[in-house]
Amino acid sequence: MRAALLLLLCLTSGIAIAQDSTIEAPETGNPDSTGTKMTLGEGINFQIGSYRFKFSGMLQPSVRYNKTDGIDRKTTLNTKRTYLNFGGNALKEKISFFVQADFSASTPLLDAWVAYNFTPRFSLTAGQKRTFTNNREMTFNEDKLQFADRGMVSTAFTGNGREFGLFLEGKLGTSFIIAPQIAITSGDGPNSFGTSSSDMDLGGFKYGGRLDIYPLGDFKEGNSGFTADLKHEDSPKFVLGISGSLNKGASNAKGEGHGNFLFYNAAKAQQLPDLRKLHADVLLKYQGVSLLAEYTNSSAAGLKGAYLDSTANTALLLKPGQISQYLILGNAYNVSLGYATLSGYALDLRYEKLSPEFSDQAGSLLAKTDVQTIGLSRYFKDNKLKVQASASSVHYANSVNAFLAELMFQVVF
C-alpha cells in the first residue's frame, strides 16, 4: 500500500511540475550575481557570486515479476532507487564537487568526489565516482538506461560501477574527437575501506582506462551519456571505445569488494589473484535509431603457488578452472537496437550471450546464458519523467529458463 501511494504521488507531482517546470530569479547579466532557478529534471540551481550549487534527485518506483523453472513466481513492488544529490562549482578556482546517496540501498553512499577542471576539456577527480573502465552501459547513470534495468552483461561482471581513487578525463578535437581517460583506484569498489577502521583494503591498486573515438564528431548537446537517440541526430554519429583494468589482488568475485575469499602462498602470507577486464564497444545514433554493441572479457592471473587456507596445506589449482569458483571469468557480448520517436515513444530490443571461461568447471560463478529482452518506453520532458516496461527471456546452460518482467516509473527532480 505504501509503495502504491508513493507511486501515485510521484506520477501526480511529476505531471503537475511538468505543466510549469521552470521557476527562476530575474536575469541580471552579471556573472557574479545571486540567483535561483528550479527546473524539472535539473533540480534547484542557485548562484552566490562565482559559486554555483545544485540540489537534485530521482525516484524509480518499480513492479518486477520473476518466474524461474522449478521456483515459485515472485512479484516485487518497491522503490528500486531513491537518489538525492548535491553538487557545485567554484568557477574562478575551477573546482567542482558532487555527493550522491541512494536511500533505497543498505549502503547509501554512491558518489563523493572533488574535481579540478584545469582546462575546459580536462579534469582530475579524487574520491568515489562511477568509473569509465567498465563496458559502456555501465558508464551510464541509472536514470538514463535504455531499458528498465541494466543488461546481464553489465550486472554479471560489475556491481554498481563505483570506485574510490583518482580519475583523469579529457577530450581532444572537434570534428574528430579522441577522449582519453585514466583511473587509479583502490580495487575494492565503493566504500572500499569497509565498515570500521580495522576493515581495510586488501590487495593492491586497480589500474584502468578508456579511450573513446568519435570519428564524425560528438553527439548533439544533451544526447550523450545514454543509448537512446532522443535528440534525433541529423547525420550518423558514433563512438568507438575500448577500456580495460588490472585489479592487483582481488578478493571479491567482481573486484568491487574485499574479503569475500582469501588465498595464501607457501609462506602463509596472503596471495590474492589479479583480475583483468577488457571491454570493446560501439554506439551509433541517427534519426532516432540507436545501436549499441559491447564485448567483455574477464580473466585471472597470479595464481601460481596459491593455497585455499593459511595453513598452506590445500593447493588451490588442483585443476586450472577452479579459480572460476571465486572470480567471474569468461566472455560476454550485448547487442541493443532501438528507435525513439520525437514525441517520446521508444521500442528497444536486446540480445546478450555470456560464456564462462571454464565451461566444464562445476560451481563456476559465471554460467552459460542467453538473454532476449524487449522494452517499451515513454519519455516526457526528454528523460526527466518516463515510464518503462521490459520483458526478458533467460536461457541457462542447464536447461533452466526464466521470464523476467518489470514496469518502472521515473521522476528526476
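Two aromatic rings of Phe, Tyr or Trp count as a pair if their centres lie within 6.5 Å. With that in hand, here is a short tour of this predicted model. Ring pairs join Phe46, Phe53, Phe55, Phe86 and Phe97 into a cluster, and the structure holds 17 aromatic pairs. The notes below start with that cluster, then turn to charges over rings, backbone angles and cavities.

**The aromatic cluster**

- A pair of aromatic rings is described by how far apart the centres are and by the angle of the planes.
- Phe53 and Phe86 make a stacked pair, with 6.1 Å centre to centre and 10° between the planes.
- This pair links distant parts of the chain: Phe53 belongs to strand β4 (residues 51-68) and Phe86 to strand β5 (residues 74-90), 33 residues apart.
- Phe86 also pairs with Phe55; the ring centres are 4.4 Å apart and the planes stand at 20°, so this pair is stacked too.
- Phe55 lies in strand β4 and Phe86 in strand β5, so their pair ties together parts that are 31 residues apart in sequence.
- How buried or exposed are these rings' residues? Phe53 has a relative accessible area of 21%; because buried means under 20%, Phe53 counts as partly exposed.
- Phe86 is partly exposed as well, at 26% relative accessibility, and Phe55 is partly exposed at 40%.

**Charges over rings**

- Which ring does Lys285 lie over? Lys285 is placed over the face of Phe219, at 5.0 Å from the ring centre.
- Arg378 has its charged end over the ring of Phe380, 4.4 Å from the centre of that ring.

**Backbone angles to look at**

- Most residues other than glycine have a negative phi.
- Lys94 has a positive phi, near 60°. You will find Lys94 in the loop between β5 and β6 (95-102), where Lys94 is partly exposed with a relative accessible area of 40%.
- Lys268 also has a positive phi, near 70°. Lys268 sits in the loop between β12 (237-247) and β13 (274-286).
- Is Lys268 buried or exposed? Its relative accessible area is 52%, and because exposed means over 50%, Lys268 counts as exposed.

**Cavities**

- How many cavities of 30 Å³ or more are there? The count comes to 3.
- The largest cavity has a volume of about 50 Å³. Its lining is made up of Lys144, Leu145, Gln146, Phe226, Thr227, Ala228, Leu230, Tyr379, Asn383 and Lys386.
- Sorted by class, the lining of the largest cavity has 5 nonpolar, 3 polar and 2 charged residues.
- The second largest cavity has a volume of about 40 Å³. Glu137, Phe140, Leu145, Gln146, Phe147, Thr227, Leu292, Ser336 and Arg350 form its lining.
- For the second largest cavity, the lining sorts into 4 nonpolar, 3 polar and 2 charged residues.
- Leu145, Gln146 and Thr227 are among the residues that line the largest cavity, and they are also among those that line the second largest cavity.

Notes. Residues numbered from 1 in each chain as written. Predicted model: local features only at pLDDT ≥ 70, side-chain atom pairs only at ≥ 80, totals over all residues. Heavy atoms only, no water. Phe/Tyr/Trp six-rings, centres within 6.5 Å; stacked < 30°, edge-to-face > 60°. Helix = DSSP H or I, 4+ residues; strand = E, 2+ residues; numbered from the N terminus. Buried < 20%, exposed > 50% of the residue type's maximum accessible area, 1.4 Å probe, protein only. Lys NZ or Arg CZ within 6 Å of the ring centre and 35° of its normal. 1 Å grid on protein atoms, 1.4 Å probe; cavity = no way out; pocket = protein on both sides within 12 Å on 5 of 7 lines; lining within 4 Å. Points joined across faces, edges and corners; volume = space filled by probe spheres on them. Nonpolar A, V, L, I, M, F, W, Y, C, P; charged D, E, K, R; others polar.
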